[in-house]
Amino acid sequence: NIRRMQNLADLVIVTMAAEYKKRKKEKEWQHSERMVALGENAARTAHSIRNPLMTIGGFSKRAERLIEKAVKLISEKYPDIAEENSLNEIFAKLKGYHRIISSDIIRIEKILNGVLEFSNSPEINAELGDINKYIQEEIAKFAPVFNRAVKVRFNFEKTLNFIKVPFDKEKLGFCVQDLVRNAVEAEARYIVIKTMLKIKENKFTIYFSNNGRPVDPVLNNSEIFTPFVTTKVDGTGLGLANTRLIIEAHNGAIELARRDPTTFKITLPFRQK
């Protein structure tokens, strides 16, 4: 009887495990389908906005040049009228309005570019390289734009200095830049980048930690990587979404490992299958 009960319990455990894996796969498939549909709709919307936006930007610049020309002509031919109507003051206001328009056009273009990047499945061209050296080089590229108060520290797995691992240098560079930029925007004083190698598990990990403002607790772990979800006033909610797409295209994974300090964990395959 005890043996029979044990066998029954084992059968139940195996069945439950199989059902859990099945539901997990179905959930992943449904999520993937939703992301594809969202990407396609976003791309159509982005393309429909881009053309009129370019027209607005072009005519905005023409309007600025015409205003400058008109002010110059009036000042030369009718100096008394120009003085009486404070033409320079009016022109200064118009210039200010134009700067606001131009700034918002640039912001919308940035959003559109992010949407188009998200809608295009990233094609990964993985090459073997030194991941530790690569990360240091990527940080050095855009370090000048950091706040000088931000310090970047490296805690690298030394074994990785002698082993080549596969990754797409251009695409992974986007991920590194986005995670560091998020830390800078969160007013972090330090950023720690750590690498680890797990040969038996066929993977290596990269940790990005910072002591800036924690990720808003309103967002759960899934929402953090969901496109267009953001709590930033001027955010697009596409940075981490695109980062996730790139990492998953590497057959890897990214997650928010800790909220205090903010720590993102990237897991990538040590060998290509």
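## A buried threonine

Thr 263 counts as buried because its relative accessibility is 7%, where buried means under 20% relative accessible area, exposed means over 50% and partly exposed lies in between (1.4 Å probe, protein chains only). The residue belongs to strand β7, which covers residues 262-269; strands (E, at least two residues) and helices (H or I, at least four) are DSSP runs numbered from the N terminus.

The side chain of Thr 263 makes a polar contact of 3.0 Å with the side chain of Ser 209. Such a contact is a pair of N or O atoms within 3.5 Å, of which, within protein, one must be able to donate a hydrogen and the other to accept it, while residues adjacent in sequence count only if both atoms are side-chain atoms. When neighbours within four places in sequence are left aside, Thr 263 is in contact (heavy atoms within 4.5 Å) with Tyr 207, Phe 208, Ser 209, Glu 255, Leu 256, Ala 257 and Arg 258.

## Basis of the model

The model is predicted, so local features need pLDDT of at least 70 and side-chain atom pairs count only at pLDDT 80 or more, whereas totals for chains, interfaces and linings use all residues. Residues are numbered from 1 along each chain as its sequence is written, and side-chain values use heavy atoms, with hydrogens and water left out.

## Aromatic pairs

Three aromatic pairs are found in a search of the whole structure; rings of Phe, Tyr and Trp (its six-membered ring) pair if their centres lie within 6.5 Å, and planes under 30 degrees apart count as stacked, over 60 as edge-to-face and the rest as tilted. One of them is the tilted pair of Phe 154 and Phe 156, with 5.1 Å centre to centre and 35° between the planes. Phe 154 is partly exposed, at a relative accessible area of 33%, while Phe 156 is buried, at 18%.

Phe 225 and Phe 264 form an edge-to-face pair, with 6.1 Å centre to centre and 80° between the planes. This pair links distant parts of the chain, 39 residues apart, since Phe 225 lies in the loop between β5 (203-210) and α6 (239-249) and Phe 264 in strand β7. Both Phe 225 and Phe 264 are buried.

## Charges over rings

Arg 153 lies over the face of Tyr 190, at 4.8 Å from the ring centre, and Lys 194 lies over the face of Tyr 207, at 5.8 Å from the ring centre. The criterion is that NZ of Lys or CZ of Arg is within 6 Å of the ring centre and within 35 degrees of the ring normal.
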